[in-house]
Structures are given as structure tokens and as C-alpha cells.
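Subject: A structure for you to explore

Hi there,

I am passing on a structure that I hope you will enjoy looking through. Please open it first, and then read my notes below.

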Amino acid sequence: MQVLVVFESMFGNTEIIARAIGKGLATSCEVDVVNVDDAPAQWDGLGLLVVGGPTHAHGMTRPGTRKSARQEVEGGVRSATGVREWLSALPTASRRVPFAVFDTRLRRARWSFFADVGKNATILADDEQERAEAWGAALATRLLQTAAG
Ligand SMILES: Cc1cc2nc3c(=O)[nH]c(=O)nc-3n(C[C@H](O)[C@H](O)[C@H](O)COP(=O)(O)O)c2cc1C
């Protein structure tokens, strides 16, 4: 089963979580983890698309919030594009695929991954990488069960 994980990340936290999710999924699937800047817009035979990004102003990033993030970090941010824009530009055929989403944010929330971002530093809260890997592994198990009917 082929899985594509697409992440958007300013300071690196969401990228770490995306790669941990990919590691979990790789226990039973073929996985590519790609920055949204390099993400394809079309695919063939994809079993699952997983998309994640940082929470900005209670939602997905926008050009203005990404500009604020750029001003906070020396040496540039990880993604120039947003998953919001990437998703909007996907052709209709690419949207017909099983889909899972995740986000990172500052406040600990049950369905999000928690990042504590210091100045010019990437500080993921304890256990979040492990939690992300476990979520990826659970997703893979569920996917294979669904495929098996
Ligand atoms: C412009 C901006 C707005 C943000 N707004 C929120 C918010 O509304 N709620 C929240 O919990 N975190 C917020 N954050 C924190 C980010 O969600 C956190 O920095 C992010 O998860 C880090 O991921 P990244 O390192 O991949 O960019 C914001 C960060 C920035 C830069």
C-alpha cells in the first residue's frame, strides 16, 4: 500500500512529526514524506494521503501568517507554500483518495501534536514524536484492515 505524507512547516516541528508519522506508517506501508513545496499534484494508485501543517491563528496558515513566521526565524522557514493553497490547487482526480490530517500547535490538545517553539529553536514536547509514530502505525493498521474488507 502506497502512502504519501505531505507536510508544511515553518520552524521544523511539523516536519519532525510528519517524519515520525511516516516511520510509523512504514511498519506496513510504502511511505514518501515530502515538503509541500515539493509535493506532487497527481498520483496513481495512492492508498492514503496524509496532510499536516502548523496551526496559525486557529486554522491553517495563510500568506500573512507565514510572513509573520518568517520574521521570527533566522535562516528561513522550511516551507514557502501552504497546504491550504496546495490542497485548493489539486485536480479533482487527485482528491478521490483516502485522506488523514494532522496539525501542530502550541497548546496541548488531544487531536494535535504539541510544539513549544523557542526563539530560533525547535522544541517538541516530550513524547510527541513517539505519539506521532504510534498514530502512523495505527493508521497503517486501519488502512490495511479497510483494504482487506
Ligand atoms: C503566525 C503564527 C500564528 C500561530 N497561531 C497559533 C494558534 O492560533 N494556536 C496555536 O496553538 N499555535 C499557534 N501558533 C504556533 C504554531 O502552531 C507552532 O509554532 C507550530 O505548531 C510549529 O510548527 P512548525 O515548527 O512546523 O512551524 C502560531 C504560530 C505562528 C508563527
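Before we start, one term: two residues are in contact if their C-beta atoms, placed from the backbone, lie within 7 Å. Keep in mind as well that this is a predicted model.

With that term in hand, have a look at Asp103, which lies in strand 4. Leaving aside residues up to four places away in sequence, Asp103 touches Gly52, Gly53, Pro54, Thr55 and Ser112. Is Asp103 buried or exposed? Asp103 is buried, because 21 other C-beta atoms lie within 10 Å, and the cut-off for buried is 20 or more.

Next, the ligand. It is surrounded by 21 residues, and the closest are Met10, Phe11, Thr14, Thr104 and Arg105. Which elements each supply at least two residues of this shell? They are helix 1 (13-25), helix 2 (63-72) and strand 4 (99-105). Helix 2 gives the most, with four residues. Sorted by class, the shell has eight nonpolar, ten polar and three charged residues.

Finally, a word on confidence. The protein has an average pLDDT of 89, and 91% of the residues score at least 70. For the complex, the predictor gives an ipTM of 0.99 and a pTM of 0.93.

Happy exploring!

Conventions. Residues are numbered from 1 along each chain as its sequence is written. This is a predicted model: local features need pLDDT of at least 70, side-chain atom pairs count only at pLDDT 80 or more; totals for chains, interfaces and linings use all residues. A residue is near a molecule or strand if its C-beta atom, placed from the backbone, lies within 6 Å of it. Ala, Val, Leu, Ile, Met, Phe, Trp, Tyr, Cys and Pro count as nonpolar, Asp, Glu, Lys and Arg as charged, and the others, Gly among them, as polar. pLDDT is the predictor's confidence in each residue, from 0 to 100. A residue is buried if 20 or more other C-beta atoms lie within 10 Å of its own, exposed if 12 or fewer, and partly exposed in between; C-beta atoms are placed from the backbone.
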